[in-house]
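Welcome! Let us walk through this structure together, starting with its charges and then turning to its overall build.

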Amino acid sequence: SIAERENPTEDAIAYTQGLMDLGSLVCSRTKPKCNQCPLNVGCLAFAHDKTHKLPTPKPKKALPERETAMLIIRMGKEILLEKRPQKGIWAGLWSLPEVNVNAIASEAAKQLFGLETEPEETLAIVNHAFTHYKLAITPQPLTVTSANKQAAPNAIWMPIEDAIGAAIPTPVRNILLKLRQ
C-alpha cells in the first residue's frame, strides 16, 4: 500500500528506475549505506536499528516426502542387485530392489525374482534428501531359503564386498556398510 501511495501518476518509469538504483547502490542486502540514503528520515528499519535484520530470508519450501522399501536379498555372502532404469533417479546404477513400503517383502521377492525367502529384522530407516524431495528408505533383509541361482535379466548376484565398491547410489552403499558390520 505504501508503494502504491508513493507511486507518482506521471513519470512512473523514472521513479521505478530510481527505486531500483537506490536498492542496488544504497539500500543493498549486505552493508546498506543508510547514512547516505535520501529516504532514511522516513525509514522505520533505520529508525529502529533493524536494517541488519532485513530483508528477511524467504522461508524454505518444505520438500515433499516419499518412502520406499529396499530388499536386501541375501544368499550366502552374496546379495541381489537390480539395474536401475536409464532415466530417473540413480539412472543406470545397480541398486537394491525397491518395493512399496507396505508390500510384504518375502512375497515381493517371490513375485519379482522367483525366490523363497525368510524375512529378517528390518533395519533402521535411512533418510536421503534429493533437491526436490526427501526419501525414507526402509531396508528389509531377506535370506533366500530356496532359489535358482540364475538372476533375473536386470539383476545380478554379487558378494557384499564387491557390491559396496560397485556403481551404486550412496544410500544403498551406506545400507550395505551397516549390513557388513
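How many positive and negative side chains does the protein chain have, and how far apart do the centres of the two sets lie? There are 21 positive and 18 negative side chains, with the two centres 5 Å apart. Here Lys and Arg count as positive and Asp and Glu as negative, while His and the chain ends are not counted; each charge is placed at NZ of Lys, CZ of Arg, CG of Asp or CD of Glu. Please keep in mind that this is a predicted model, in which local features need pLDDT of at least 70, side-chain atom pairs count only at pLDDT 80 or more, and totals for chains, interfaces and linings use all residues. Residues are numbered from 1 along each chain as its sequence is written, and side-chain values use heavy atoms, leaving out hydrogens and water.

Now for the build. Six helices and eight strands make up the pattern α-α-α-β-β-β-β-α-β-β-β-β-α-α along the sequence (DSSP runs numbered from the N terminus: helices are H or I with at least four residues, strands E with at least two). The protein chain is more spread out than a compact globule, because its radius of gyration is 29 Å, well over the 16 Å that the globule rule gives for 181 residues (taken over C-alpha atoms; the rule is 2.2 Å times the number of residues to the power 0.38). Along its principal axes, the C-alpha trace spans about 85 × 35 × 30 Å.

Finally, look for K31 in the loop between helix 2 (12–25) and helix 3 (44–47). The C-alpha atom of K31 is 8.1 Å from that of H52, 21 residues away along the chain.
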